[in-house]
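Hello,

Please find below the structure I said I would pass on. My notes on what was found in it follow.

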Amino acid sequence: MIELHGSALTQEPAMRQSAPRHQILVCQSCRHKDSPCRPGLALLEKLRAAVSQAKGLAADFEISGTACMAGCDRPCTVAWRATGKATWLFGDIDPDADIDALVDFAKLYQRLEDGWCRAADRPGKLASATLARIPAALIVTAEGQFQ
């Protein structure tokens, strides 16, 4: 069970006026070192199946394969992103051992208003497998307003 901390967890997705569409991207280029094996496809299939079975996630997440995300030394790589939220990139993901942690992180990310969380809040080895956390873009218009 994930113990959540912080003020960014104040709203449930159903309570927000317009819940963002979340995306999970799985690198399809990742391969084991010195091997033609590409485990990304197996990870993608297992993650899609697990998210589809998790209560309240399937309708809010798009899960797709993508080209290289530059985590080649730490396959498999998986990213989470949504409008107005920080983007996360994780590496060293094992398609057989880490599916539960990935689903638990999807549940956490769905509830985070801005996508930010502490390492202690991330499930399993995701606490230490972070390759990047990219803040949400703030775009300033010509009128000086944020989008």
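**The loop between β2 and β3**

Cys76 lies in the loop between β2 and β3. A cis peptide bond joins Pro75 to Cys76, with omega at about -10°.

Before going on, some remarks on the source. This is a predicted model, in which local features need pLDDT of at least 70 and side-chain atom pairs count only at pLDDT 80 or more, while totals for chains, interfaces and linings use all residues. Residues are numbered from 1 along each chain as its sequence is written, and side-chain values use heavy atoms, with hydrogens and water left out.

The loop between β2 (61-66) and β3 (78-82) also holds Thr77. Thr77 has a relative accessible area of 0%, so it is buried. Buried means under 20% relative accessible area, exposed means over 50%, and partly exposed is in between, using a 1.4 Å probe and protein chains only. Leaving aside residues up to four places away in sequence, Thr77 touches Leu25, Val26, Cys27, Cys30, Met69, Gly71, Leu89, Phe90, Gly91 and Leu131. A contact is counted when heavy atoms are within 4.5 Å.

Ala70 is found in the loop between β2 and β3 as well. Ala70 counts as exposed, because its relative accessibility is 69%. The phi of Ala70 is near 65°, a positive value in a residue other than glycine.

**Another positive phi**

Asp92 lies in the loop between β4 (87-90) and α2. Asp92 is not a glycine, yet its phi is positive at about 65°. With 29% relative accessibility, Asp92 counts as partly exposed. For context, most residues other than glycine have a negative phi, and most peptide bonds are trans.

**The chain as a whole**

The protein chain has 2 helices and 5 strands. Along the sequence they come in the pattern β-α-β-β-β-α-β. Of the 147 residues of the chain, 42% count as buried. Among contacts with a separation of 6 or more, 65% are between residues 24 or more positions apart. The chain exposes about 8,200 Å², of which carbon and sulfur atoms supply 52%. These areas come from the Shrake-Rupley method with a 1.4 Å probe, and for residues only the protein chains shown count as cover.

**The two helices**

How do α1 and α2 pack, and at what angle? Helix α1 (residues 40-53) and helix α2 (residues 99-111) pack at about 55°, with their axes 10 Å apart. That angle makes α1 oblique to α2. Angles under 35 degrees count as roughly parallel, over 145 as roughly antiparallel, 65 to 115 as roughly perpendicular and the rest as oblique. The axes are lines fitted to C-alpha atoms, for helices over the stretch in contact, and the angles run from 0 to 180 degrees between N-to-C directions.

On the α1 side, Leu43, Lys46, Leu47, Ala50 and Val51 meet Ile99, Leu102 and Val103 in α2. The residues of this contact divide into 7 nonpolar, no polar and 1 charged. Nonpolar covers Ala, Val, Leu, Ile, Met, Phe, Trp, Tyr, Cys and Pro, charged covers Asp, Glu, Lys and Arg, and the others, Gly among them, are polar.

Ser52 lies in helix α1 and is partly exposed, with a relative accessible area of 44%. Ser52 and Val103 are 51 residues apart in sequence, and their C-alpha atoms are 9.9 Å apart.

Helix α2 contains Leu108, which counts as buried at 1% relative accessibility.

Gln110 and Arg21 are 89 residues apart in sequence and 9.3 Å apart in space, C-alpha to C-alpha.

**Strand β2**

Thr66 is found in strand β2 and is partly exposed, with a relative accessible area of 27%. Not counting residues up to four places away in sequence, Thr66 touches Leu25, Val26, Cys27, Gln28 and Ser29. Thr66 and Ser29 are 37 residues apart in sequence and 7.9 Å apart in space, C-alpha to C-alpha.

Regards

Methods: Helices (H or I, at least four residues) and strands (E, at least two) are DSSP runs, numbered from the N terminus.
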